[in-house]
Structures are given as structure tokens and as C-alpha cells.
Amino acid sequence: MLLDAVLPPLCLGCGEIVGEVGGLCASCWQSFNFMSAPHCACCGTPFAEDLGPGALCAGCMARRPRYNRARAALIYDDHSRRLILPFKHGDRTDIARACGGWMARAGAELLASADLVAPVPLHWRRLFTRRYNQAALLARIVVRELIPDIKVRLAPDLLRRGRWTGSQTGLRARERRRNVREAFDIHPHWRTEVAGKRILLIDDVLTTGATVEACSRVLERAGADCVDVLTLARVIRPAV
């Protein structure tokens with residue numbers, strides 16, 4: 001097309017010219033750490049070797065998260081950060097479609113069993129300054145554009161973030177859990193829809209899991225049958 005000749009598609013990771021819109025060059029593709037099995041049956045932390053079905057990582061054996069399962073498309077590291085930070089803070093909403101495709105593949109099992117898909121909400125003050133909720137963009141793409149054969153309902157405003165929590169950056173796991181405690185509730189027009197449903201939460205990055213666990217607690221109290229989590233990336237902490 002003429003437009004591609006004038007404005008050729010660029011790699012989402014480095015800006016080099018690539019063959020199609022929303023693609024990665026060979027170098028970036030090889031440098032990105034896409035997550036796959038084997039991994040912890042609960043939180044999705046990758047294993048060095050297959051430990052068998054249902055195997056849990058040491059962290060989940062010590063303290064089982066409130067959610068049922070978590071999966072992510074990418075490991076959050078120096079390479080994926082170059083993609084995620086512009087998407088999250090730099091108005092690069094054009095990145096969302098490719099990211100949603102990776103998430104749909106990484107979370108196919110979770111999507112197939114979900115009744116409702118809901119993004120982790122932003123507080124209105126954060127939404128006002130950022131102008132968009134990156135989790136909501138990802139949720140919409142995953143549900144409406146990339147898995148048309150799976151019958152699942154998008155609930156874009158299922159959860160509300162009623163209390164300002166500021167940034168979680170720099171906080172330890174326990175501090176993060178305390179910071180988001182009682183920060184979320186269910187929107188009134190969804191309250192009768194949650195009981196007995198399997199909910200899939202969508203977010204950009206899973207760090208300690210404090211935010212999605214706070215959301216899971218609210219949904220469980222409302223009678224949700226199960227809460228799973230799907231993120232674009234997750235932080236992998238070194239084993240100790």
C-alpha cells in the first residue's frame with residue numbers, strides 16, 4: 001500500500017522497519033522472553049524443568065494466592081520494559097493490539113473457562129491524567145477482537161477503585177498488600193452478576209500480586225466461583 005511505502009510499519013520494540021504493523025523485528029523477537037510451560041500451576045512462575053501436572057512453586061506452597069491461576073505473556077525485564085512503559089505511560093496505545101494477541105495465546109486456557117473478563121481499574125485521578133486504562137484496552141482487544149470463538153462477556157467496569165493508593169513502585173510485598181486493602185469494590189450494576197461466575201482479571205504487569213489479590217478478595221466476597229489473572233508481563237523474582 002502507498003501508506004506503507006510512506007510510513008512503513010515499525011518494530012514495536014526498537015523502531016526498525018518490519019514487514020507488518022504490530023510486529024517485532026527478528027532481534028527483538030529473540031530478546032523478548034515469552035512465557036510458556038513448564039510453570040507453576042497456580043501463579044505461572046516458569047520452571048527450569050517439568051515437575052509434573054499441578055506442581056507449585058515454593059512461593060505458592062508457602063502462601064497460596066487468593067486467585068486461582070495467573071498467566072502472563074512475557075517476563076518483565078529490560079527488554080519487555082522498553083515496550084510496556086511507552087504503552088503504559090507514553091500514550092503508545094497502538095501497542096495494545098499486538099500485546100493483546102500475545103495475552104490471548106498465553107491465557108487461552110483461562111479464557112476458555114471464563115464467564116466474565118474484567119480489567120483492573122484505575123482511580124479516577126490516575127485515569128484523568130493518563131486518559132486511558134491500559135488494562136481496559138488489553139481486555140477489550142483480547143475479548144472482542146482476538147477470541148471471537150470463545151463465548152465470554154466483557155465487564156469493563158465490573159470493579160471500581162474507590163480509594164487513591166498512589167504508586168506501588170518501591171513498596172515491599174506486605175506494604176503493597178496493605179496499600180490496596182479495601183481499595184476496590186464492585187460497581188452496583190454488576191453486583192448481581194458475579195455470584196457463581198468465573199472471573200478473569202486483566203492487568204498489564206503482575207509484580208507481587210497485591211493488586212489482583214485485593215480485587216480477587218472483593219469478587220470472592222460477592223460469590224464469584226473462581227478468579228483467574230492474565231497479564232501482559234510478570235516480574236520473576238530470583239529463587240532464594
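The report below covers the sheet order, the strand pairings and the packed helices.

This is a predicted model. Five strands make up an open sheet, ordered E1-E7-E6-E2-E3, with parallel pairing. The edges are held by strand E1 (69-75) and strand E3 (153-154). Each of these has a single partner strand, so one side of each is left without a neighbour in the sheet.

**Strand pairings**

| Strand pair | Bridges | Sense |
|---|---|---|
| E1 and E7 | six bridges | parallel |
| E2 and E6 | four bridges | parallel |
| E2 and E3 | two bridges | parallel |

Ala70 has Val229 in E7 as its bridge partner. Strand E7 itself spans residues 226-234.

**Helices on the sheet**

Helix H5 (residues 96-106) packs on the sheet. Helix H5 touches E1, strand E6 (198-206) and E7. The direction of H5 makes about 135° with that of E1. Helix H10 (residues 210-221) also packs on the sheet, where H10 touches E6 and E7. The direction of H10 makes about 165° with that of E6.

**Strand E2**

Strand E2 covers residues 116-119. Leu116 and Ala118 point one way from the strand, while Val117 and Pro119 point the other way. All four are buried.

Notes. Residues are numbered from 1 along each chain as its sequence is written. This is a predicted model: local features need pLDDT of at least 70, side-chain atom pairs count only at pLDDT 80 or more; totals for chains, interfaces and linings use all residues. Side-chain values use heavy atoms; hydrogens and water are left out. Two strands pair if DSSP finds at least two bridges between them. Contact means heavy atoms within 4.5 Å. Axes are lines fitted to C-alpha atoms, for helices over the stretch in contact, and angles run from 0 to 180 degrees between N-to-C directions. Buried means under 20% relative accessible area, exposed over 50%, partly exposed in between (1.4 Å probe, protein chains only).
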